[in-house]
Amino acid sequence: MEKKREGVMEAMSRIVSDPFYFLHFMAFFSYLPIRSSAAPYTSHRLFDREIQAFLAFLMFSAIKMVREETWEAFVADGLLYAKIFLIAVSLIMDYRVAIWFSVIFSVIYLLAQQPAFSKLGTAKKLTPMQLEDLLSDGSTTKYWLIEFFACSSSKCVRSSRCFPELSITYSNNLLSFGTVDFGLFPNTAAKFGISLAGGMSQLPTYILFEKGVEVSRFPDFYVDAAPSLPITKVYML
């Protein structure tokens, strides 16, 4: 019970403090005063469509709750469905209201982005220079699993909870975890054989190093990049 209460308090704190959630909350809340001004002859028909949209939203949310692996991914899909259903219902009231919400959601998309999971678990937040120093230092752990990400990538935000939880479960004396934010160091991506083109479709990228030498990565190696030793030594042989 206490954990649920803490979860609710954390969610309320995010809504108030984070621009992404606060702006969405205000946009959805603005539907209530607009709805109250609807013409009487459309009120009954509108109420029926609101019930249908709400039930459809609950159904899609339940499906996503089962399928999605992270809370961030569930929130992203839930907000998308809520926007679609709100605009669809607004069309019944007045097409101008639907246009209004479309513009509002477009502005929110431009001004604010969904925040990623903030905790690191046992992973270390590294700069590219720090990572190179760690990999060239023979006294560090045998294996390093590094996540290369960018907070501006929706894929990275949706999966941002997975890597910290993975680090908590599997971190030991032989395996260490680290993260590098290419949103802060975009010019160093090619050095690690990662492309930021195409909407950062290669992010997040996970690379496993053994004694400073890359032994595995996901997704595949970016052949047009110009990696430098010892980061991708295996691929240079």
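The exercises below, each with a worked solution, treat a sheet and the helices of this predicted model.

Residues are numbered from 1 along each chain as its sequence is written, and side-chain values use heavy atoms, with hydrogens and water left out. Because the model is predicted, local features need pLDDT of at least 70 and side-chain atom pairs count only at pLDDT 80 or more, while totals for chains, interfaces and linings use all residues.

**Exercise 1.** Find the order of the strands in the open sheet, and state which strands stand at the edges.

*Solution.* Begin with the elements themselves: helices (H or I, at least four residues) and strands (E, at least two) are DSSP runs, numbered from the N terminus. Two strands pair if DSSP finds at least two bridges between them, and by this rule 5 strands form an open sheet with mixed pairing, in the order E1-E3-E2-E4-E5. E1 and E5 each have a single partner strand, so they stand at the edges with one side left without a neighbour in the sheet.

Next, look at individual pairs. E2 and E3 run parallel and are joined by 7 bridges, with Ser 176 in E3 as the bridge partner of Trp 144. E4 and E5 (residues 213-218), by contrast, pair in the antiparallel sense over 5 bridges, and they form a hairpin with 2 residues between them, where Lys 211 in the turn has a positive phi of about 55°.

**Exercise 2.** Decide which residues of helix H7 (residues 128-136) are buried, and where they lie around the helix.

*Solution.* Apply the cut-offs first: buried means under 20% relative accessible area and exposed over 50%, with partly exposed in between (1.4 Å probe, protein chains only). The buried residues of H7 are Pro 128, Leu 131, Glu 132, Leu 134 and Leu 135. Seen down the axis of H7, these residues fall within an arc of 160° (taken from the directions from the helix axis to the C-beta atoms), so they line one face of the helix. On the other side of H7, Met 129 and Ser 136 are exposed. Finally, ask what covers the buried residues: the cover includes strands E1, E2, E3 and E4, where contact means heavy atoms within 4.5 Å.

**Exercise 3.** Describe how the axes of helices H2 (residues 19-29) and H5 (residues 71-93) are arranged.

*Solution.* Axes are lines fitted to C-alpha atoms, for helices over the stretch in contact, and angles run from 0 to 180 degrees between N-to-C directions. The two axes come within 12 Å and cross at roughly 25°. Angles under 35 degrees count as roughly parallel, and H2 and H5 are therefore roughly parallel to each other. Among the residues that meet are Phe 20 and Phe 28 in H2, and Leu 79 and Leu 86 in H5.

Key. Angles under 35 degrees count as roughly parallel, over 145 as roughly antiparallel, 65 to 115 as roughly perpendicular and the rest as oblique.
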